[in-house]
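Here's a quick briefing to read alongside the model. Have the viewer open and follow along.

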Amino acid sequence: MTVLTDIGQLATCPPDTGGVGLVDRAALVWDAGRVVWAGPETELPDRFADAPRQSAGGRLVVPGLVDCHTHVVHAGDRSDEFVARIEGTPYLEVARRGGGILKTVRATRAASDEVLEASARQRLVVMLRQGVTTVEAKSGYGLTVADEIRTLRVVQRLADSGPQRIVGTLLAAHVVPPEFADDRAGYVRQIVDEMIPVVASEKLAAFVDVFVEEGAYTPGEARTIFEAARAHGLGAKLHGDQLSDTGGGALAAEVGAASADHLECVSADGIVAMAEAGVVAVSLPIATLVLGQEPMPARRLLDAGVRVAVATDFNPGSAPSASLPLALWLSCTRQRMTPAEALRGATTEAARALALTDGTGSLVPDAPADFAVFDAPSLDAWLAGWDTRPAVRTVIGGETAWESEGMGTGG
Ligand code: NIG
Ligand code: FE
């Protein structure tokens, strides 16, 4: 049992309400990895009087952040594309010339399992320092049966070794591999007949994702893949309406997807369909910024009753940043999400986008004791500015997984 006192502001983010449950001058109690009590310090029950205490030093405490959309496992470098875009070559044109996603595919296929695992592990440490305790990790840079499966085995090893909680997603339908340029249906069959059954039986992923876009996959191909996913007990997610309106929002609603991600170009009908079906919209404002687009209309989605999550989309091309706090700050500044809506987007709504029902993303009794301490007096003060300072401390299952030097929280 441990009691954290002197919390300047605590965000409990209860799962089923709209708010973030802010408590000033709060205390948090956990035992055996789970939250036991959270509330105003003045109301701390006497039964915790003898438990060991730690101090948050008057700082902000939030649930461990959940990054529900990343491409953290990959190899290679795409800085040439960064420069090309600055010089005026659009993202899709880079892709047409064989760069873009396919460049990362070549590098990932050539990399050993050890290199893939070690580089992903380093990136997860960067995330941990920013308070991120749960991470979704997609395949999608292998695009062969063997390379997609081995990517997800790397994801599984990352999950087994911790400290973060990792959720795997099969994104074999990212782009069409060059070997199947003239036989798209043949590759879709491989996904359906050879990848999904193995992924399901070995529990290598919880979701199947499809990039629905011109130059990637059609809604019809996506339906075939999602049908197979459902038959094998895997959830659906899609990269949709990113560069054009391809009916991604409506398709996500039709197939009962847990989330539709990107949605910069989502239609009014798509928004209504998502609201009715309860599909979470995952906003990826770093990718939008990098590609010079107008962001997902998060305000319109929220006002229509759609739950909005926020994630990094961390990848070497369109979103080369592992900073979820940066994505939150962009949601506030560019999409008019309030700090409370942004924080929900990276906690409870992100957990919902991953179908996590164990309380992840909340600091309420029985939820995992996953939380982050930031050096700010309040949520508003934390998100009013963006800087590269790490979290003071990141705790997963009640254990300190990261603590910044010189910022000791007492004992
Ligand atoms: O989410 N939209 C498709 N896929 C990724 C891009 C990955 C890449 O550029 O390597 C995305 O933005
Ligand atoms: Fe993505």
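How many cavities of 30 Å³ or more does the structure hold? The answer is 1. Keep in mind that this is a predicted model.

**The cavity**
- The largest cavity takes in about 100 Å³ of space.
- Its lining is made up of 13 residues, and Y91, I101, H174, N315 and S318 are the ones nearest the centre.
- Sorted by class, that lining comes out as 7 polar, 4 nonpolar and 2 charged residues.

- H239 and D313 bring together distant parts of the chain, as they sit 74 residues apart.
- H239 belongs to strand 10 (residues 235-240), while D313 is in the loop between strand 13 (308-310) and helix 12 (324-335).
- Buried or exposed? Both H239 and D313 are buried.

**T108**
- T108 counts as buried because its relative accessibility is 2%, and the cut-off for buried is under 20%.
- Leaving aside residues up to four places away in sequence, T108 touches H74, A75, L116, Y141 and R150.

Terms used
Residues are numbered from 1 along each chain as its sequence is written. Chains are lettered from A and ligands numbered from 1 in the order in which they are written. This is a predicted model: local features need pLDDT of at least 70, side-chain atom pairs count only at pLDDT 80 or more; totals for chains, interfaces and linings use all residues. Side-chain values use heavy atoms; hydrogens and water are left out. Helices (H or I, at least four residues) and strands (E, at least two) are DSSP runs, numbered from the N terminus. Buried means under 20% relative accessible area, exposed over 50%, partly exposed in between (1.4 Å probe, protein chains only). Contact means heavy atoms within 4.5 Å. On a 1 Å grid over the protein atoms alone, a cavity is a set of points where a 1.4 Å probe fits but cannot get out, and a pocket is an open set with protein on both sides within 12 Å along at least five of seven lines; lining residues have an atom within 4 Å of a point. Grid points are joined across faces, edges and corners, and a volume is the space filled by probe spheres set on the points. Ala, Val, Leu, Ile, Met, Phe, Trp, Tyr, Cys and Pro count as nonpolar, Asp, Glu, Lys and Arg as charged, and the others, Gly among them, as polar.
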